[in-house]
Amino acid sequence: MDVILRIFWGFLSTVLFGGLLGLGLAVASRKLKVEKDETVEALDGVLPGLNCGACGYAGCGGYAEALAAGKDEDLTKCKPGGAVALAGIGKILGVEVDTNAVRMVAYVHCLGKEGVASRSYNYEGLEDCNAATVLFSGDKDCKYGCLGLGSCMNVCPTNAIRKTGDGLVVVNPDLCISCGKCVDICPTGVMRMIPEDADFVVACNSRDKGKLTKSNCKVGCIACKICEKKFPEAGYKIQDNLSILGYDNRGPGRAEAVEKCPAKCIIPYREVKIEEASSAG
Amino acid sequence: MSYFAIVITYIFISNLILAQFLGLCPFIGVSKNVESAVGMGFAVTFVMSIASLVTWALYHLILMPLGLAYLQTIVFILTIASLVQLVEMVVQKYSPVLYKALGIYLPLITTNCAVMGIALINIKSGYNVLESFTAGIAAGMGFLLAILLMSAIRVQMETERVPRFLKGAPIAFISGGLMAMAFMAFDNSLLNNLVG
Ligand code: SF4
Ligand code: SF4
């Protein structure tokens, strides 16, 4: 009986005490209220509230304050908020904004899955690409490809990235909010941002000479220049032994280049993503 | 224990961070640059000294007489959290400049186990009011010392070539551990030498 009473009193007094403190705080917050800046509050309202830090501030609040104070002129820094946030910011600050820019999404420019890209040794360690690169820049012969250990996965705030099970990772463009964190953390630079409505991608990142690329990976870009030479209008450009696809002017021949590419590293964007993502389960 | 001994004890010998491993989240989280580390250090010192006073009074004037001493942990949690909230409001109202400087750190202290730690240690050691207060300040200064040293190390580390997977928090924890080992040199013999 004694124990039950003790518990009862303990419970009661704690509840009372907590209630009292809460009440005190409520009163205090009334009394000590400070007027908040209205612009900041409004801006905070239109920003997505993800606090991802893509804008370069600690969180959405910091960006809102900088914008309101005129300390930051660049209204487009909130990539995750996209067109909606941009329109909102423009309206509040009374500035014309262009909301038609296409959303960028991350893409892993690599097809070197298990059995396609050769390995120089067997990495058995921390499941982390950055840890793996400490050992001879990773276990792939190709130093530019996806290591498939998923450092990017761990930093992605929206879980847009998945492992495929055969040594690669894929980004789901519908979930990607273009914060760019994965691009920053990836040690090989194989992730780059492409427009969401991309038609084709050159799915390789190898800057090695053609011959070396070929010995390292069955689907690496060997910089044969066929895409660039045969379809000068199509937007393929060889830089550093790698074909880079431009997305601004999509001239004729983009699709034909897919057929002509001897390495088969040019692929249609969305179709491949769906097929690969489903194998990821 | 003399006041001097208390001060030496909580700054060097049982430094809350380096000897008792309390309050590690602000220790790692806010030590990226010296300026914010100092801000955090003083904010913690301030809160710790007030919390020591309040919790002492609460325990000895209310909980003990009513025979509710077993409630100390939960009551202290409530008290410290509300106290920090209140301090935050007061500072925001009366000193916006100080609020700007401390603003982000104050909420962090609400749930800082080091504050809770010193409150409980005070009770356990049977200090009187003034001794508790002194212990609070000293523990805060110990925190300040540790976080200041840490921030200095981390600023240096920015320019070093740290392997990428150790960058940031991991290497900070490793250096923190090494620092804790160094602080093991301060033990009770230091006190005996000083106060005899
Ligand atoms: S994209 Fe980069 S970080 Fe992600 S698994 Fe591939 S190599 Fe690792
Ligand atoms: S981490 Fe990469 S994939 Fe994930 S949301 Fe950001 S940009 Fe998109």
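User: In which loop of chain A is the place of Ala223(A)?
Analyst: This is a predicted model, where local features need pLDDT of at least 70, side-chain atom pairs count only at pLDDT 80 or more, and totals for chains, interfaces and linings use all residues; side-chain values use heavy atoms, without hydrogens and water. Residues are numbered from 1 along each chain as its sequence is written, with chains lettered from A and ligands numbered from 1 in written order. Helices (H or I, at least four residues) and strands (E, at least two) are DSSP runs numbered from the N terminus. On that numbering, Ala223(A) sits in the loop between α8 (210-216) and α9 (226-230).

User: Is Ala223(A) buried or partly exposed, and what is its phi?
Analyst: Buried means under 20% relative accessible area, exposed over 50%, and partly exposed in between (1.4 Å probe, protein chains only). Ala223(A) has 17%, so it counts as buried. It isn't a glycine, yet its phi is positive, at about 55°.

User: What about Lys264(A): where is it found, and is it buried or partly exposed?
Analyst: Lys264(A) is another non-glycine with a positive phi, about 60°. Its loop runs between α10 (254-260) and β8 (266-268) of chain A. Its relative accessibility is 45%, so Lys264(A) is partly exposed.

User: Moving to chain B, how many helices does its secondary structure come to?
Analyst: Reading along the sequence gives α-α-α-α-α-α-α-α-α-α. There are zero strands in chain B, and the helix count is ten.

User: What share of the 196 residues in chain B is buried, and what is the relative accessibility of Val115(B)?
Analyst: Buried residues account for 47% of chain B. Val115(B), in helix α7 (residues 113-124), counts as buried because its relative accessibility is 0%.

User: How far apart in space are Val115(B) and Leu22(B)?
Analyst: Along the sequence, 93 residues separate Val115(B) from Leu22(B). In space, going C-alpha to C-alpha, the separation is 8.7 Å.

User: Where is Ala69(B) found, and what separates its C-alpha atom from that of Tyr59(B)?
Analyst: Ala69(B) belongs to the loop between α3 (34-63) and α4 (72-94) of chain B. With 22% relative accessibility, Ala69(B) is partly exposed. Tyr59(B) is ten residues away along the chain, and the C-alpha separation is 7.1 Å.

User: How many aromatic pairs are there over all chains?
Analyst: Rings of Phe, Tyr and Trp (its six-membered ring) pair if their centres lie within 6.5 Å; planes under 30 degrees apart are stacked, over 60 edge-to-face, and the rest tilted. By this rule, the count over all chains is six.

User: What kind of aromatic pair do Phe183(B) and Phe186(B) form?
Analyst: A pair of aromatic rings is described by the distance of the centres and the angle of the planes. For Phe183(B) and Phe186(B), the centres are 5.3 Å apart and the planes are at 70°. That makes the pair edge-to-face.
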